[in-house]
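This briefing is meant for someone meeting the structure for the first time.

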Amino acid sequence: QEQVKESGGGLVQTGESLRLSCTSSKMTFRERAVAWFRQVPGSEREGVACTAAYSAFKKVPDSVKGRFTISRDNGKNEVYLHMDSLKPEDAGIYYCAAVASFTPTCGLMAGQYTYWGQGTQVTVSS
């Protein structure tokens, strides 16, 4: 069984919104930093949002600031990435990742995360 699993990807048109979900049956996200990364065609893996344990800190890069929001539903043990005003350049495979141990903040570097989902495809048509 996958330790981390993403869902919610799909095909949308430019300007539309999409919400991705991440959950785990093996760990509790509330106490972990969780992040979303994407692999965009033609570019390196990029962190697009992270939330620290207990949502004490959140971070998004300038490339998605104002459009992407990370949030949690701890009762469902889910972390969401809500994406607004999607652009073709947002297309790619989106991965959810969680740290193995507590950190008071979160970062957007892939090396900070241990557990990864299989990815969910986001396609944005132009």
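This is a predicted model: local features need pLDDT of at least 70, side-chain atom pairs count only at pLDDT 80 or more; totals for chains, interfaces and linings use all residues.

**Strand β4 and its surroundings**

Alanine 35 is placed opposite alanine 97, a residue of β9. The points below follow β4 to its two partner strands, β9 and β5, and then turn to arginine 67 in its loop.

**Pairing with β9**
- Strand β9, made up of residues 92–98, runs antiparallel to β4, and the two are joined by six bridges.

**Pairing with β5**
- Strand β5, which covers residues 46–51, also pairs with β4 in the antiparallel sense, here over five bridges.
- Within this pairing, valine 34 is found opposite threonine 51 of β5.
- The hairpin formed by β4 and β5 has six residues between its strands, and in it glycine 42 adopts a positive phi near 85°.

**Burial of β4**
- Because five of the six residues in β4, which spans 34–39, are buried, this strand is largely enclosed by the rest of the structure.

**Arginine 67**
- Arginine 67 sits in the loop that connects β6, residues 58–59, with β7, residues 68–73.
- Its relative accessibility is 10%, so arginine 67 counts as buried, the cut-off for that term being under 20%.
- A polar atom of the arginine 67 side chain lies 3.2 Å from the backbone oxygen of serine 63.
- Leaving aside residues up to four places away in sequence, arginine 67 touches His82, Met83, Asp84, Ser85, Leu86, Lys87 and Asp90.

Conventions:
Residues are numbered from 1 along each chain as its sequence is written. Side-chain values use heavy atoms; hydrogens and water are left out. Helices (H or I, at least four residues) and strands (E, at least two) are DSSP runs, numbered from the N terminus. Buried means under 20% relative accessible area, exposed over 50%, partly exposed in between (1.4 Å probe, protein chains only). A polar contact is a pair of N or O atoms within 3.5 Å; within protein, one must be able to donate a hydrogen and the other to accept it, and residues adjacent in sequence count only if both atoms are side-chain atoms. Contact means heavy atoms within 4.5 Å. Two strands pair if DSSP finds at least two bridges between them.
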